[in-house]
2 protein chains.
Amino acid sequence: LMELTNERKGQATLTKDLQRLWYDLFMCDSLSLEEIAKLKREAATRGIYPDLEHYYLNREELMNYDLERVCKLIELWHDKGILYDRYNPKKLITDYIFSGLDTNGIFLHFEGFMKTIEILGTKEQKEKWLPKCLTLQSIGCYCQTEIGHGSDVQGLETTATYDVTAKEFVIHSPTVSSIKFWPGGLGKLSNHAVVQAQLYVKDKHYGVQTFIVPIRDEDHLPLEGIHVGDIGTKFGFNAEDNGFVKFTNIRIPRENLLSRYCQVSEDGTFTKESDNAIKLAYGNMLYLRLSIFFGRSVQFSRLATIGIRYSIVRRQFKDAETGEERQILDYQTQQYRLFPLLGISYAIRLAWVELQKLYSSFEAQTADGKQPLALLKDLHTLASCLKPLVTWRMRRFGEYVKQCCGGHGFLNVSGIHRIIKSEEGLVTAEGTNLVITQQTGRVLLGEAGKLAQGKRLEGITAFLNDHYNNTRKASNYSSINEIIVGAFESRVAFYLDYASKKFQKLIGEGIPMQTVWNEKVQQDFIDLSIYFADAFMLRTAFRQLEENKFVTSETKPVVEKCMQVYAIYC
Amino acid sequence: LMELTNERKGQATLTKDLQRLWYDLFMCDSLSLEEIAKLKREAATRGIYPDLEHYYLNREELMNYDLERVCKLIELWHDKGILYDRYNPKKLITDYIFSGLDTNGIFLHFEGFMKTIEILGTKEQKEKWLPKCLTLQSIGCYCQTEIGHGSDVQGLETTATYDVTAKEFVIHSPTVSSIKFWPGGLGKLSNHAVVQAQLYVKDKHYGVQTFIVPIRDEDHLPLEGIHVGDIGTKFGFNAEDNGFVKFTNIRIPRENLLSRYCQVSEDGTFTKESDNAIKLAYGNMLYLRLSIFFGRSVQFSRLATIGIRYSIVRRQFKDAETGEERQILDYQTQQYRLFPLLGISYAIRLAWVELQKLYSSFEAQTADGKQPLALLKDLHTLASCLKPLVTWRMRRFGEYVKQCCGGHGFLNVSGIHRIIKSEEGLVTAEGTNLVITQQTGRVLLGEAGKLAQGKRLEGITAFLNDHYNNTRKASNYSSINEIIVGAFESRVAFYLDYASKKFQKLIGEGIPMQTVWNEKVQQDFIDLSIYFADAFMLRTAFRQLEENKFVTSETKPVVEKCMQVYAIYC
Ligand SMILES: Cc1cc2nc3c(=O)[nH]c(=O)nc-3n(C[C@H](O)[C@H](O)[C@H](O)COP(=O)(O)OP(=O)(O)OC[C@H]3O[C@@H](n4cnc5c(N)ncnc54)[C@H](O)[C@@H]3O)c2cc1C
Ligand SMILES: Cc1cc2nc3c(=O)[nH]c(=O)nc-3n(C[C@H](O)[C@H](O)[C@H](O)COP(=O)(O)OP(=O)(O)OC[C@H]3O[C@@H](n4cnc5c(N)ncnc54)[C@H](O)[C@@H]3O)c2cc1C
């Protein structure tokens, strides 16, 4: 403790300023640091934080243990009147605590189940279901993935067949591989699910649509024809009840097809809005992916705290000159591995300010019935590479922190285990990184095509206009930050030029498009997508550092230095 | 299953040949494949393999569960009369099974505790203790690390003070940080420990020496003055009882100082052999580090099996041309991540043939009382980078395999979890990679100095003679393998040139040696050490591929291709 005090000497004000910035960037500027501390104390008093006991529980005990904490957290939200208030600062602060638990179930109820109804439901459907969601009378999960299909949503096999006579849909799992598998909250928690299924009306196929399906009765027992359970232990999220469900000819009323964008009339006529409308609607679900990006800032900061504090307190090997044992923080290799964590923690938050604005604007415009297609494309391109960027980097730096703490880091009580175990799942959940980065890659390939035709790009790829033609000279840069951002952007431009020419050349040789993509350039475009993500994050973060009203002349140089270190050693 | 049969079509003989080679390289050429299969079946019948149950156990249950299997394994060894027969092929094969368990305790009894006595004990001490070790009457652990010191062995604080009157040593833990912490087998299993402690005789300090200390009585209860227990849950090895022990003035007879190389006479006179003799003795402990290198071949091969088989069976996304869903193995990104596993599995085994020879020759020479110092240096240089090479690469490729199997890879039943969780500890155990790679780095720095003086190098660094002066031309290479090895060796030469010049330059500027090393070039020499390890492994493996009598004209091209893929995509 003395060692820590020593390191902090004379920096008390700066420490507070940095904390202030940390919360301000996350829309909590209306709460004082005292209020935040008080809130955390209250959470502690209510027993929401996990204690050491949980390291010794078996699976079942662990689920109960964490669930008890989730319930207490909901109580707290309820008591403060913020349960339904997504952007309330007190809600945001207490969400932190929640992300320290090993389960996501209740988050998926709100952001997966309820949000889907908000987006895809008609006015009547929302009036019927949302109040039940808010009072937790209906608890639901997001039921898309099946044993046989995850990334390829079009390949789902669950069927929803309209029975004209009964005016009902029949939800059915025709094969073993069609069994729904993975949804968080399905195994134990939920009594409802939104289910993706192939719609058939009068033997005609109308693609994948979304249905509300009750799965458990009032006593929380599975309904007839529902075979539901937990899928077993995992690398992480072991307090979460990721589940499976097999439907045997489950009948649900016609009204349970979420019908804002497509309808089946009583007599079995299928109608739908334009594809654009549906695409735009689904755009709202990008919030899940984006929130994984944001959430990593919290986890990175936790790792930074553990790794750096330990390296201050820990000493190993006598220094020949001073005769004292060296703080391990003074070894070059520790600094390379630990300091970038500070930079990325702040960079995510600074970039988030703009991402959040993009998303809110999208949300508002679609709510107004507008069609912001360009914005949707940008958001989709960003979500599909930013989530992979930070979750992959989390895997690498999490491992670094563990190793940097030596044997003690390998102990669960180091706290590192609890942080990084669930991270292992986030590279796969919400779209596996290896697949979704390709979506960004495809967009970039398209942009290269436009550039080749002499068109100018707009929005998030506009920076390529300059770089692509190498018109930017070193003398144009006026600060280190600009040089850094310029370097990251140049890497994108250079690599895109290389990869798209490689692609075109192979196409020119007559090799089928799919073969070229899947067997020749896939890895190039995945790499490119990550380069693009880093460039976006750093450009936005450095810009916010200049422009954001919460950044002060005291905090700026510190955060700037940390982000520079991140950029160089990431 | 049909898919797997399909992939294997026409390769039945090749498959057998490759299996044969796999075992031949591990000194099991005297066992037929049938005998090996029979042995595994017997192990299965005896209930030695873990089943799915263990994923649902809490810590205590898990320890019992795995321990039961360890006992059954020992029984098997006992029944076959191979318990004490380290290099018996049947022992080696069944060791595989053991490495699938989540505990190392019994391995550490044989290779840590007993081996230390073999190496550091006098003839009398060996006669007294080894039979007890072999019959498991004395079960011991290797007790070196303390809470406060791991990497820096000189910094250990446990004291052993000679009491001339009583003719006893007093073993004591003077501080909290001196408590022994981490030894595997200490928490529950052992009744003895070999303990490293600072020796004091008549107030004079004689450095760190090794003592046999009884810790539990015949009822397996802690002896008086011994405070011993388990250190808690970890990322992996949770069936293992890594433990702590605090000694309060424990008295042990004078005879318990392991005295082959240093003695304390009854009247308190300290004598010792030359430092070289002691260094040579410790060289025998390198086997532990080397065996971590070898053991990874088994784990890599398990990961390869899971990842590649799953990628054959799993299909995702319809191919526009064929209309069929693609096997995910056909995606470029899967191949980049999975195929190198095959190459490294065989490369380790091929390199092992030569390493094992080096080690055996060292063991034999020291047993003969010779002083093979150059050989010791080579073995130490190799062990300190080969163990880090494969354990670090295991972290990366283990993560790849998990991600390549999508959601199902994240489930524990995928089998991946059990394989890679303990690997997380091996980057730290037996010397953390971040520290021991520096030992190889220092040797290489020394070699650069010799080259600069125009000396020629011998042994494992001899390849630098050629490369360092860039005298080797592309036209000198006669095969792809040679080019690959040449490229890896050139990387070492180039980087060593760069790093040692950087080092010399900074020293020239008057910066103290320790500062230069710890703050300016540390990371360079760690990187270099890994480059060196890869070059060694590949050179040796490709050479063995040409020379090894077990390699046939059928297996050679396959293993060769796999190793080439590894070399390019590692
Ligand atoms: C912790 C966790 C929580 C989850 N929560 C939910 C939930 O609440 N609701 C829900 O519906 N689902 C959930 N899932 C499922 C998740 O959405 C899927 O796991 C994910 O979409 C990947 O699908 P898959 O597992 O079927 O992998 P697949 O699609 O089978 O892919 C497996 C692997 O094959 C390779 N691959 C596949 N296609 C390609 C390609 N085109 N190019 C290159 N390589 C390819 C990749 O390596 C990929 O990782 C969750 C998963 C996890 C791990
Ligand atoms: C699974 C497992 C099993 C083990 N089994 C045993 C056993 O049976 N018996 C036993 O005695 N011990 C055992 N250990 C302990 C092990 O030997 C030590 O953890 C290891 O030697 C590292 O020591 P430490 O943990 O004290 O780390 P420290 O020496 O404190 O090092 C911590 C970190 O500081 C940094 N660091 C330290 N020195 C330097 C430097 N010079 N340069 C750069 N960075 C530096 C590195 O990042 C290092 O990882 C085991 C450990 C594990 C994880």
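In this predicted model, Gly229(B) stands opposite Phe244(B), a residue of strand 8 of chain B. The two strands concerned are strand 7 of chain B and strand 8 (residues 243–247) of chain B, which pair in the antiparallel sense over 5 bridges. They belong to an open sheet of 3 strands in chain B, with the order 4-8-7 and antiparallel pairing. Its edge strands are strand 4 (180–181) and strand 7 (226–230) of chain B, and each of these pairs on one side only. In a regular strand the side chains alternate between the two faces of the sheet.

Chain A also has an open sheet of 3 strands, in the order 4-8-7 and with antiparallel pairing. Strand 4 (180–181) and strand 7 (226–230) of chain A each have a single partner strand, so one side of each is left without a neighbour in the sheet. Strand 4 of chain A is joined to strand 8 (residues 243–247) of chain A by 2 bridges, and these strands run antiparallel. Here Phe181(A) has Phe244(A), in strand 8 of chain A, as its bridge partner.

Strand 12 (residues 315–318) of chain B pairs with strand 13 (residues 325–327) of chain B over 2 bridges, in the antiparallel sense. Arg315(B) stands opposite Gln327(B), which is in strand 13 of chain B. Between the two strands of this hairpin there are 6 residues, and Gly323(B) takes a positive phi near 75°.

Several features of chain A come from the UniProt record. The entry, which is unreviewed, places a "binding site" at Thr145(A) and Gly184(A). These positions span 40 residues in sequence, yet no two of their C-alpha atoms are more than 10.8 Å apart, so they gather at one spot. Thr145(A) has its place in the loop between strand 1 (140–143) and strand 2 (159–163) of chain A.

The unreviewed UniProt entry also gives "domain: Acyl-CoA oxidase C-alpha1" at residues 282–445 of chain A. A further annotation in the unreviewed UniProt entry, "domain: Acyl-CoA oxidase C-terminal", covers residues 484–569 of chain A. The table sets out the computed values for both spans.

| Span | Helix | Strand | Distance between end C-alpha atoms |
|---|---|---|---|
| Residues 282–445 of chain A | 77% helix | 4% strand | 23 Å |
| Residues 484–569 of chain A | 87% helix | 0% strand | 12 Å |

Salt bridges come next. Side chains of opposite charge can pair when their charged atoms come close. Over all chains, a search of the whole structure finds 74 salt bridges. One of them joins the side chains of Glu489(A) and Arg539(A), at 2.4 Å from N to O. Glu489(A) lies in helix 16 (residues 480–508) of chain A and Arg539(A) in helix 17 (residues 513–547) of chain A, so this pair ties together parts that are 50 residues apart in sequence.

The last topic is the contact between the chains. It takes 71 residues from chain A and 71 residues from chain B. The area buried between chain B and chain A is about 6000 Å², and carbon and sulfur atoms give 52% of that area. Across this interface the rule finds 8 salt bridges. Among the pairs that meet in a salt bridge are the side chains of Arg395(B) and Glu399(A), at 2.7 Å from N to O. Polar contacts are found across the interface of chain B and chain A as well, in 51 residue pairs with both members at pLDDT 80 or more.

On the side of chain B that touches chain A, helix 17 (residues 513–547) of chain B gives the most, with 9 residues. The residues of that side of chain B divide into 25 nonpolar, 26 polar and 20 charged.

Terms used:
Residues are numbered from 1 along each chain as its sequence is written. Chains are lettered from A and ligands numbered from 1 in the order in which they are written. This is a predicted model: local features need pLDDT of at least 70, side-chain atom pairs count only at pLDDT 80 or more; totals for chains, interfaces and linings use all residues. Side-chain values use heavy atoms; hydrogens and water are left out. Contact means heavy atoms within 4.5 Å. Buried area is the accessible area (1.4 Å probe) that two parts lose on being put together, summed over both. A salt bridge is a side-chain nitrogen of Lys or Arg within 4 Å of a carboxyl oxygen of Asp or Glu. A polar contact is a pair of N or O atoms within 3.5 Å; within protein, one must be able to donate a hydrogen and the other to accept it, and residues adjacent in sequence count only if both atoms are side-chain atoms. Ala, Val, Leu, Ile, Met, Phe, Trp, Tyr, Cys and Pro count as nonpolar, Asp, Glu, Lys and Arg as charged, and the others, Gly among them, as polar. Two strands pair if DSSP finds at least two bridges between them. UniProt positions are given in the numbering used here, feature names are shortened, and annotations may be inferred rather than shown by experiment.
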